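Subject: Structure for you to look at

Hello,

Here is the structure I said I would pass on. My notes on it follow below.

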Amino acid sequence: MTTNTRSTGARSPADETPCEEELARGLCAADEIAFAAVYRRWGSLVHTMATRSLGDSHEAEDVTQQVFLGAWRGRDGYRPERGPLGAWLVGITRRKIIDALSARTRRLTLIDSMASDADVHGHEVGAPDDVLDRVLLVDALSRLPRHQREVLCMAFYEDLTQAQIAEQTGIPLGTVKSHTRRGLHRLREGIEQGRVREIAA
């Protein structure tokens, strides 16, 4: 016995999923319901692309948010005749990934430069332990979640207080304190684990 889904009020999967053209029209019309459907349809793809490229789930989440925020703000720039909506979102994703990788490179370069300066002024240049400390510091910082890493870099290298960091970033002071505390804890753990690995090797 077959069931007529339309007569019972139920909808088939095909009925429940708008086509790509409908979603594109809804997005261009600033339809928030359509935008939510766009996110449900392509959010996983965007996040997977970001995770594979960045190797960091926290950064991938940030990039995913930036992609869809950029799509919403830039919806007037979408042109259906130039390609489907999915391809347009993939293009935005690639640009955001490149931006994230560039920002990471700038942060690590700054960290390495500042650590190198501190090493030169505070210790004998070229001492093996000092070189190891610098490498472990850079590695441990690079592994922190983005917000913790940025807060610590601003505190260490820009000599900003927590209140100044909160004012400059717009992050609540309590959150800045939490990022600092957790970041320092993870930083210490990362450096200690790195030393253990080096000794074991």
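Asp 62 lies in helix H5 (a helix is a DSSP run of H or I with at least four residues, a strand a run of E with at least two, numbered from the N terminus). Asp 62 counts as buried because its relative accessibility is 13%; buried means under 20% relative accessible area, exposed over 50%, and partly exposed in between, with a 1.4 Å probe and protein chains only. Leaving out residues up to four places away in sequence, Asp 62 touches Arg 146 and His 147, where contact means heavy atoms within 4.5 Å.

This is a predicted model, in which local features need pLDDT of at least 70 and side-chain atom pairs count only at pLDDT 80 or more, while totals for chains, interfaces and linings use all residues. Residues are numbered from 1 along each chain as its sequence is written, and side-chain values use heavy atoms, with hydrogens and water left out.

Helix H5 covers residues 57–73, 17 residues in number, and reaches 24 Å from its first C-alpha to its last. That is close to the expected 24 Å, the expected span being 1.5 Å times one less than the number of residues. Besides Asp 62, its buried residues include Glu 59, Val 63, Thr 64, Val 67 and Phe 68. An α-helix has 3.6 residues a turn, so residues three or four places apart point the same way.

The chain as a whole:
- The protein chain has ten helices and zero strands.
- Of its 201 residues, 35% count as buried.
- Among contacts between residues at least 6 apart in sequence, 61% join residues at least 24 apart.

Next, the cores. A nonpolar core is a set of buried Ala, Val, Leu, Ile, Met, Phe, Trp, Tyr and Cys residues joined through side-chain atoms within 4.5 Å. The largest one has 24 residues, and those that touch the most other members are Val 38, Trp 42, Val 63, Phe 68, Leu 85, Trp 88 and Leu 89. Two or more residues each come from helix H3 (20–28), helix H4 (32–54), H5 and helix H6 (85–122). H4 gives the most, with eight residues. Apart from neighbours within four places in sequence, Phe 68 is in contact with residues including Phe 35, Val 38, Trp 42 and Leu 89. A second, separate core of seven residues includes Val 151, Met 154, Leu 160 and Ile 171.

There are three aromatic pairs, counted when the ring centres of Phe, Tyr or Trp (its six-membered ring) lie within 6.5 Å; planes under 30 degrees apart are stacked, over 60 edge-to-face, and the rest tilted. One of them is Phe 35 with Trp 72, which is tilted because the planes are at 50°, with the centres 4.9 Å apart. Phe 35 is in helix H4 and Trp 72 in helix H5, 37 residues apart. Another is Tyr 78 with Trp 88, with centres 5.2 Å apart and planes at 50°, so this pair is tilted. Tyr 78 sits in the loop between H5 and H6, ten residues from Trp 88 in helix H6. Tyr 78 is buried, at a relative accessible area of 5%.

Arg 75 lies over the face of Trp 72, at 4.3 Å from the ring centre; the rule asks for NZ of Lys or CZ of Arg within 6 Å of the ring centre and within 35 degrees of the ring normal.

Regards
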